[in-house]
Amino acid sequence: MYKSILVPMALDHGLSPDTLQVAQALLATGGLITALHVHEAPQGSVAAYLDKDAVREGFERAVQLLKDKTNGLEGVTPEIVKGHTYRSIIDYAMANDIDCIVIGSHRPGFSDYLLGSTAARVVRHAPCAVHVYRRT
């Protein structure tokens, strides 16, 4: 059992209820679960064409959606950070003494073997145990 579990949540993939349930099953008595969403800012030239209010509103929607998905779940703390997805997950785990990451994954396609999915990168670089959940 783990005392500090990180559950990275892509808010649009629909796996978060399942990954949170897995985390609750792995949690030691008195342990904590952090539901983390990494909000990626628009990249490169795209950012130049977006209104700052639209970017702010997108971030605020993500904050609210994360709160909605974790509302009423005992022992789950929602956190949101800005950054690159897999790197921010690894950095958060290292900075917060996380001892397990529960991450959802889709079935790998050909491009995942060449580029690597977020879950694959987390598995390769995590400083702790990683449980990958794949819906059957």
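Which residues does Thr70 touch, not counting residues up to four places away in sequence? The first legend below takes up this question.

All views show a predicted model, in which local features need pLDDT of at least 70 and side-chain atom pairs count only at pLDDT 80 or more, while totals for chains, interfaces and linings use all residues. Residues are numbered from 1 along each chain as its sequence is written, and side-chain values use heavy atoms, with hydrogens and water left out.

View A. Helices (H or I, at least four residues) and strands (E, at least two) are DSSP runs, numbered from the N terminus. Thr70 touches Met9, Ala35, Val76 and Pro78, once residues up to four places away in sequence are set aside, where contact means heavy atoms within 4.5 Å. With a relative accessible area of 5%, Thr70 is buried; buried means under 20% relative accessible area, exposed over 50%, and partly exposed in between, with a 1.4 Å probe and protein chains only.

**View B. Thr34 in strand β2, residues 27-39.** Thr34 has a relative accessible area of 10% and is therefore counted as buried. Apart from its neighbours within four places in sequence, Thr34 is in contact with Ile5, Leu6, Val7, Thr77, Glu79 and Tyr92.

**View C. The buried residues of helix α1, residues 16-26.** These are Ser16, Asp18, Thr19, Leu20, Ala23 and Leu26. They pack against β1 (2-8), β2, α3 (52-70), β3 (76-82), β4 (100-104) and β5 (129-133).

**View D. The crossing of helix α4 (residues 85-95) and helix α6 (residues 118-125).** The axes, which are lines fitted to C-alpha atoms over the stretch in contact, with angles running from 0 to 180 degrees between N-to-C directions, come within 9 Å and cross at roughly 35°. Thr85, Tyr86, Ile89 and Ile90 in α4 meet Thr118, Arg121, Val122 and His125 in α6. By class, this contact has 4 nonpolar, 3 polar and 1 charged residues, where Ala, Val, Leu, Ile, Met, Phe, Trp, Tyr, Cys and Pro count as nonpolar, Asp, Glu, Lys and Arg as charged, and the others, Gly among them, as polar.

**View E. Lys82 and the ring of Phe59.** The charged end of Lys82 sits over this ring, 4.4 Å from its centre; the term requires NZ of Lys or CZ of Arg to be within 6 Å of the ring centre and within 35 degrees of the ring normal.

**View F. Asp97 in the loop between α4 and β4.** Phi of Asp97 is near 50°, a positive value in a residue other than glycine, and at 68% relative accessibility Asp97 counts as exposed.
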